[in-house]
Amino acid sequence: MSFTEHNVNGLIYDTSDVITAAGSGAVHAFTTRHGGVSPAPYDSLNFADNKGDTSENLLENYRRLGEAVGFDASRAVGCRQIHSDPVSYTHLTLPTSDLV
């Protein structure tokens, strides 16, 4: 699988050429540590809410990612990454005003 690196105002992330080529319009990013506001030892684009970083830093890091990648961070959905094989299914029902 190949990736394309992006640098938007110092925030560095990759996108998958395969996901992009599929044409689904799925907004996706594989982040690096560059471009956030969190101080050491999180330097600097931290998203972990269970390591002691402040909520203000985390929200700003998500805001910056959303701005760089092109999504509204206030509507983002996340998950906790684990290195195991359980699968979780989610379902989102949008209000009719959000449907095109």
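These legends go with several views of one predicted protein model.

**View 1. The whole chain and its elements.** The protein chain has two helices and three strands, and from the N terminus on they follow the order β-β-α-β-α. Helices here are DSSP runs of H or I with at least four residues, and strands are runs of E with at least two, numbered from the N terminus. Along its principal axes, the C-alpha trace spans about 40 × 35 × 30 Å.

**View 2. Where Ser-38 sits.** Look for Ser-38 in the loop between β3 (30-31) and α2 (55-69). Ser-38 is buried, with a relative accessible area of 4%; buried means under 20% relative accessible area (1.4 Å probe, protein chains only). Of the 100 residues in the protein chain, 22% count as buried.

**View 3. The side-chain partners of Ser-38.** The side chain of Ser-38 makes a polar contact of 2.4 Å with the side chain of Asp-53, and another of 2.9 Å with the side chain of Asn-61. A polar contact is a pair of N or O atoms within 3.5 Å; within protein, one must be able to donate a hydrogen and the other to accept it, and residues adjacent in sequence count only if both atoms are side-chain atoms.

View 4. Leaving aside neighbours within four places in sequence, Ser-38 is in contact (heavy atoms within 4.5 Å) with Asp-43, Ser-44, Asn-46, Asp-53, Asn-57 and Asn-61.

**Notes for all views.** Residues are numbered from 1 along each chain as its sequence is written, and side-chain values use heavy atoms, leaving out hydrogens and water. In this predicted model, local features need pLDDT of at least 70 and side-chain atom pairs count only at pLDDT 80 or more, while totals for chains, interfaces and linings use all residues.

Technical notes: Buried means under 20% relative accessible area, exposed over 50%, partly exposed in between (1.4 Å probe, protein chains only).
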